[in-house]
Amino acid sequence: LLRASMIVNMDSVTEIFLKLLFLLCVHRQHMAVTGNKYNCDDQLVSALPQSSFSSSSELSSSHSPGFARLNRREGAGGWSPLVSNKYQWLQIDLGERTEITAVATQGGYGSSDWVTSYLLMFSDSGQNWKQYRQEESIWAFSGNTNADSVVYYKLQHSIKARFLRFVPLDWNPNGRIGMRIEVYGCTYRSEVVGFDGKSCLIYTLNKKLINTLKDVISLKFKTMQSDGILLHREGQNGDHITMELTKGKLSLLINLGDTKTHPPNAQINITLGSLLDDQHWHSVLIEHFNNQVNFTVDKHTHHFHAKGEFSYLDLDYELSFGGIPVPGKSGTLSRRNFHGCFENIYYNGVNIIDLARRH
């Protein structure tokens, strides 16, 4: 963990320098990899120790969760809970935050015990759980029709989590709940930075390299606070762009301060998402090409045309992440800095957190 208050100038090949004005904790996990194809289908469960498995209950010591490995026959040949009902679960601790791309299930070896449908839940902490969703709804996975056939399911979108829970919904009516499972994926690579509600990270661009026709900003965030500024860029005469969490919803505000010289539609305020203060990771993407703007939060995108407003914006060459560096600057709704974590901040392909970590 690093706690720092500094101003750093960089002169790199790309002629971009970074200025940092912040008091924050930087936690490095692994270097982010973007835009490259890579294999992410390793078997994650087979090598885990017994202590990585847990469950709501077990029928006997030979039906314990540690026996729930795909194609294994030890013990009674799989996990079975004490009572077969919809309140049971099988939990896996992968040891670190991991990218999960597929799952597979079997029933109990040589038995009448198998699960015909189940839910998948995931968590970073093992306490705050989220259900896997697909096609805008909680997804029930089709399970098994016998004890030993393997049913493999490739996830439509990968999960990034440390803990997984399999929650049986239905099972063989002539038997009981019985499961053996495998999880597929790979180590998740990321750069994470924590903000304490009083800090911000400032990225200063070289004026010569700014492309006024194109901007792409992407990041992930998680927080338990319902309000806070994620992104701010100030301009002259009150012009500004602000992305802010307000009552658990994310707003993108584009404002031209001088209404006398700008058209009536000079202010744009787009709100997406809800309950984003749930301590789970949420993804954000802002794409500005010419006057077309795409604002995406967790796969929900709002497309709009700026109708010339961007041509009026006379913005500073600074992007502030996590808050506003100078008290009293205009352009915010709550004026509260962000309290939580950001992951993999990119501006036009530049890894902002990695630059900060490398000073």
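## Briefing on a predicted protein model

Y118 is buried, its relative accessible area being 1%. The structure described here is a predicted model, in which the protein chain has an average pLDDT of 82 and 77% of the residues score at least 70.

- Across the whole structure, a search finds eleven aromatic pairs.
- One of them joins Y118 and F141 in a stacked arrangement, with 5.1 Å from centre to centre and 10° between the planes.
- This pair connects distant parts of the chain, since Y118 belongs to strand β6 (residues 115–123) and F141 to strand β10 (residues 141–142), and the two are 23 residues apart.
- F141 is buried as well, with a relative accessible area of 0%, which falls under the 20% limit for that class.
- The rings of F338 and F342 form a tilted pair, because their planes stand at 40° while their centres are 4.8 Å apart.

**An open antiparallel sheet**

- Six strands make up an open sheet with antiparallel pairing, and their order is β14-β23-β16-β17-β18-β19.
- The edges are taken by β14 (201–204) and β19 (268–272), each of which has a single partner strand, so that one side of each is left without a neighbour in the sheet.
- On average, and with direction ignored, neighbouring strands of this sheet are turned by 10° against each other.
- Within the sheet, strand β17 (residues 240–246) runs antiparallel to strand β18 (residues 249–255), and seven bridges join the two.
- I241 stands opposite I254, the latter lying in β18.

**A buried serine in a loop**

- S80 is found in the loop between β4 (53–55) and β5 (90–106), and despite this loop position it is buried, with a relative accessible area of 2%.
- The side chain of S80 reaches the backbone oxygen of I177 at a distance of 2.7 Å.
- Leaving aside residues up to four places away in sequence, S80 touches S57, E58, L59, H63, D113, R176, I177 and G178.

**Two residues with positive phi**

- D298, although it is not a glycine, has a positive phi of about 50°; its place is in the loop between β21 (292–297) and β22 (300–305).
- With a relative accessibility of 26%, D298 counts as partly exposed.
- N348 likewise is not a glycine and has a positive phi of about 50°, and it lies in the loop between β24 (339–347) and β25 (350–351).

**Confidence of the prediction**

- Over residues 1–36 the pLDDT stays under 50, although the model has 91 contacts beyond four places in sequence for this stretch.
- Where pLDDT is low, predicted coordinates should not be read in detail.

Key: Residues are numbered from 1 along each chain as its sequence is written. This is a predicted model: local features need pLDDT of at least 70, side-chain atom pairs count only at pLDDT 80 or more; totals for chains, interfaces and linings use all residues. Side-chain values use heavy atoms; hydrogens and water are left out. Helices (H or I, at least four residues) and strands (E, at least two) are DSSP runs, numbered from the N terminus. Buried means under 20% relative accessible area, exposed over 50%, partly exposed in between (1.4 Å probe, protein chains only). A polar contact is a pair of N or O atoms within 3.5 Å; within protein, one must be able to donate a hydrogen and the other to accept it, and residues adjacent in sequence count only if both atoms are side-chain atoms. Contact means heavy atoms within 4.5 Å. pLDDT is the predictor's confidence in each residue, from 0 to 100. Two strands pair if DSSP finds at least two bridges between them. Axes are lines fitted to C-alpha atoms, for helices over the stretch in contact, and angles run from 0 to 180 degrees between N-to-C directions. Rings of Phe, Tyr and Trp (its six-membered ring) pair if their centres lie within 6.5 Å; planes under 30 degrees apart count as stacked, over 60 as edge-to-face and the rest as tilted.
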